[in-house]
Amino acid sequence: MASLGLVIFILSCAIFQAFPVSSSNNYGGLFPELYQFSCPQANEIVMSVLEEAIAKDPRMAASLLRLHFHDCFVQGCDASILLDKNSAFKSEKEAGPNKNSLRGYEVIDEIKAKLEQVCPHTVSCADILALAARDSVVLSGGPYWEVPLGRRDSKTANFNKANVNIPAPNSTIQNLINLFNKQGLNEQDLVALSGGHTIGMARCVSFKQRLYNQKGDNLPDVTLEKTYYNGLKSICPTSGGDNNISPLDVASPIRFDNTYFKLLLWGKGLLNSDEVLLTGKVKKTKELVKSYAENEAIFFLHFAKSMVKMGNINPLTELKGEIRKNCRRIN
């Protein structure tokens, strides 16, 4: 018969394996297994709603990935992006980078409603955003990663930070590096996470400058490949058409792969913030673009690692936030 000490030792080893605590795998109070007993159906519910939503609208995968990104970059991964305005604060949805641009809120609402039916007041909106981002990537053919869970939802939003912290499509390489560093993310995270642009679309207003007036001299960006440039001009005229859309990855716009990086090498990156990863005269980002273009497995590995890192930006844990019943408003 095993002694009590041995039983405790075995149990402690099992707990350590389930939640490893090391400097390279410290999620700051978040655990992938959090809902294993309190809401075992959570993953299944998220995936089933997404399968239907993405089958109906393949672009939705990129929209949900972007929602998580725009949430985390403002005041941490706390679902502040989902809050509608009220008398106490302006909504981040109305900020420049998000207005008439972010989408997918209704898919998050549907996931939340189904989770509340099965496991009331258990799964936070912030965790739903993180799970939806991962599953959207998987359903588009990209890598799987374990999502650390346990984020609480914020009781406020920050309109001003949403206008300042989210990288603009016309960013220089130094802008991008600075904004990512501010979030504790490095140059590898910047290039890997930019690879999320292998799926999704961008509005004409976000790349018009490259077509007609890149340096304030009424000339196009010379790094654009000629045929690609001519095609973009037909989608995005000199005046009007600001909400016309073009794929960020013209070759495989709904498949998560490394084609985005190959296109950069061919002068077919859509946004200035894409192109400068290669041409911005930063050796590290240029080398990573080439590396990911050659080796999809390395890109997938780095992307998954950076998504976990981004998902761990200043989460509210334990008593610091709440678990909203409705993601659009505080309880």
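Trainee: What makes up the span of residues 29-331, and how far apart are its end C-alpha atoms?

Mentor: In this predicted model, the span of residues 29-331 is 47% helix and 2% strand, and its end C-alpha atoms lie 23 Å apart. The UniProt record, an unreviewed entry, places the feature "domain: Plant heme peroxidase family profile" at these residues.

Trainee: Why is P143 called buried?

Mentor: The relative accessibility of P143 is 10%, and buried means under 20% relative accessible area, so P143 counts as buried. P143 has its place in the loop between α5 (125-139) and α6 (159-165).

Trainee: Which residues does P143 touch, not counting those up to four places away in sequence?

Mentor: With those residues set aside, P143 touches V137, V138, F256, F300 and F303. As for K182, this residue and P143 are 39 residues apart in sequence and, from C-alpha to C-alpha, 26 Å apart in space.

Trainee: What makes N98 count as buried?

Mentor: Here the relative accessible area is 2%, and the cut-off for buried is under 20%, so N98 is buried. N98 is placed in the loop between α3 and α4 (105-118), and, leaving aside neighbours within four places in sequence, N98 is in contact with H70, I81, E92, K93, A162 and I166.

Trainee: How much space lies in the largest pocket, and which residues are the closest to its centre?

Mentor: About 920 Å³ of space lies in the largest pocket. Of the 41 residues that line this pocket, R66, H70, H197, L248 and L271 are the closest to its centre.

Trainee: Which element gives the largest share of the lining of the largest pocket?

Mentor: That element is α3, with six residues. Among the elements that give two or more residues to this lining are α3 (60-75), α7 (173-182), α8 (187-194) and β1 (201-203). By kind, the residues of the lining divide into 23 nonpolar, 13 polar and five charged.

Trainee: How many cavities of 30 Å³ or more does the structure hold, and what makes a space a cavity rather than a pocket?

Mentor: The structure holds one cavity of 30 Å³ or more. A cavity is a set of points where a 1.4 Å probe fits but cannot get out, whereas a pocket is an open set. The largest cavity has a volume of about 50 Å³, and the residues that line this cavity include H68, A130, W145, R151 and G311. The lining of the largest cavity divides into six nonpolar residues, two polar and one charged.

Methods:
Residues are numbered from 1 along each chain as its sequence is written. This is a predicted model: local features need pLDDT of at least 70, side-chain atom pairs count only at pLDDT 80 or more; totals for chains, interfaces and linings use all residues. Side-chain values use heavy atoms; hydrogens and water are left out. On a 1 Å grid over the protein atoms alone, a cavity is a set of points where a 1.4 Å probe fits but cannot get out, and a pocket is an open set with protein on both sides within 12 Å along at least five of seven lines; lining residues have an atom within 4 Å of a point. Grid points are joined across faces, edges and corners, and a volume is the space filled by probe spheres set on the points. Helices (H or I, at least four residues) and strands (E, at least two) are DSSP runs, numbered from the N terminus. Ala, Val, Leu, Ile, Met, Phe, Trp, Tyr, Cys and Pro count as nonpolar, Asp, Glu, Lys and Arg as charged, and the others, Gly among them, as polar. UniProt positions are given in the numbering used here, feature names are shortened, and annotations may be inferred rather than shown by experiment. Buried means under 20% relative accessible area, exposed over 50%, partly exposed in between (1.4 Å probe, protein chains only). Contact means heavy atoms within 4.5 Å.
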